[in-house]
Amino acid sequence: MALCAAVEPGSPEVSTAVAEHGASAVWAGLADHDGAVGRRAGTVDLTAMIAATDSVGARFVIPGDPEWPPGLADLDRVVARGRDQVHFGGQPLGLWLRGRPLPSGPVVAIVGSRASTGYGESVTVQLAAEAAEAGLVVISGAAYGIDTAAHRGAVAGGGRTIAVLACGVDRAYPSGNAAMLDHLGHHELIISELPPGSHPARSRFLSRNRLIAAIAEATLIVEAGHRSGARNTASWAIELNRHLLAVPGPVTSTTSATPNRLIKERQAELCSGIGDLLEVLSPSGDELLAGAPAEPVTTTDALPLELYELYEALPGRGSMSADELALTTGKLLPEVLVGLAELAQLGCCRQDSDGRWSLAR
């Protein structure tokens, strides 16, 4: 706990040293450190930190504890690459957990831009709710935009959701999400590798992203601009060999730049619905898909071939006479007239006042 307060999150050097020598030895060595880390270690008040942890109803866990997320161990085997990742890596030294126990079951990260669009938020709420209904745990970062929509969708779906923060579990950041974070802290789960009272910083958001990607079995990017933090989460998912999916968006939308690029470069699977997400999380692609919603069945799906051919021959706009349809389809006129009557009875087409036929709208 003291090391977590003295060292910034995501230090691969400290993580390696703790794995080799133990936390106590590394902490003792900080006393001889002349730099900022040593000075910071000298200001750590462990008694006050324990009291602050207890006061917000949080608990502190370390690797090996029952509530330690198993996916975090993979961070020790990742070689961080890329401009945003070079300074971060390694398994956390410990975590503060606030809320209900760590849920079991497949975990999916749903992340994206803070400056989201109505399209992105609508898609996110629907996917998160359907994921929760399917038994998946939704994890995100509690930021504005897509993160907020992911948490709210999971709650609406009656499932579990986890928020990973870049500040202490007692901090309501962003402040506009205070009510949501209070709900998550009581009824769901909030996680942070920073002590209570810690404030957010850009570097802490980047180190936080690796936790989201590592805990999740799959990461879904809904909307993200060229410089979005969600792009960094996607990079971690790739490095950790996790499933990566992206929701396509309009080519004119800057908020869909990253998802569209990931799909184009075949780094992410295209996600158009809950079925795509369940498919990658099922080893055979069958077990979870059995509970996925079926494709909608329309009247035309059940048409006999001879009627479907006639239906397809009708123009998308405008109308045709029965004689013209007979010439187009190569059918006899009486056969066409009988078929059109059946299609009209099924609500697939209609006869206009001039006797011509058009598709029903």
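E1 and strand E2 (residues 95-99) pair in the antiparallel sense over four bridges; two strands count as paired if DSSP finds at least two bridges between them. The model is predicted: local features need pLDDT of at least 70 and side-chain atom pairs pLDDT 80 or more, whereas totals for chains, interfaces and linings use all residues. Residues are numbered from 1 along each chain as its sequence is written, and side-chain values use heavy atoms, without hydrogens or water. Helices (H or I, at least four residues) and strands (E, at least two) are DSSP runs, numbered from the N terminus.

**Sheet**
- Within the pairing of these strands, phenylalanine 60 has tryptophan 96 in E2 as its bridge partner.
- Nine strands form an open sheet with mixed pairing, in the order E1-E2-E6-E5-E4-E3-E7-E8-E9.
- Strand E1 (58-61) and strand E9 (269-270) are the edge strands, each pairing on one side only.

**Helices on the sheet**
- Helix H8 (residues 178-187) packs on the sheet and touches E2, strand E5 (161-164) and strand E6 (189-192), where contact means heavy atoms within 4.5 Å.
- The direction of H8 makes about 95° with that of E2; axes are lines fitted to C-alpha atoms, for helices over the stretch in contact, and angles run from 0 to 180 degrees between N-to-C directions.
- H10 also packs on the sheet, touching strand E3 (107-111), strand E7 (218-221) and strand E8 (243-246), and its direction makes about 150° with that of E7.

**Pockets**
- The largest pocket has a volume of about 380 Å³; a pocket is an open set of points on a 1 Å grid over the protein atoms alone where a 1.4 Å probe fits, with protein on both sides within 12 Å along at least five of seven lines, and its volume is the space filled by probe spheres set on the points.
- Its lining (residues with an atom within 4 Å of a point) has 21 residues, and the closest to the centre are Arg114, Arg227, Ser228, Gly229 and Ala230.
- H9 gives the most to this lining, with six residues.
- The second largest pocket holds about 260 Å³ of space.
- Of the 17 residues lining the second largest pocket, Leu3, Val18, Ala23, Ile62 and Leu93 lie nearest its centre.

**Aromatic pair**
- The structure holds three aromatic pairs, meaning rings of Phe, Tyr and Trp (its six-membered ring) with centres within 6.5 Å.
- The ring centres of tyrosine 173 and phenylalanine 205 are 6.0 Å apart and the planes stand at 45°, so this pair is tilted; planes under 30 degrees apart count as stacked, over 60 as edge-to-face and the rest as tilted.
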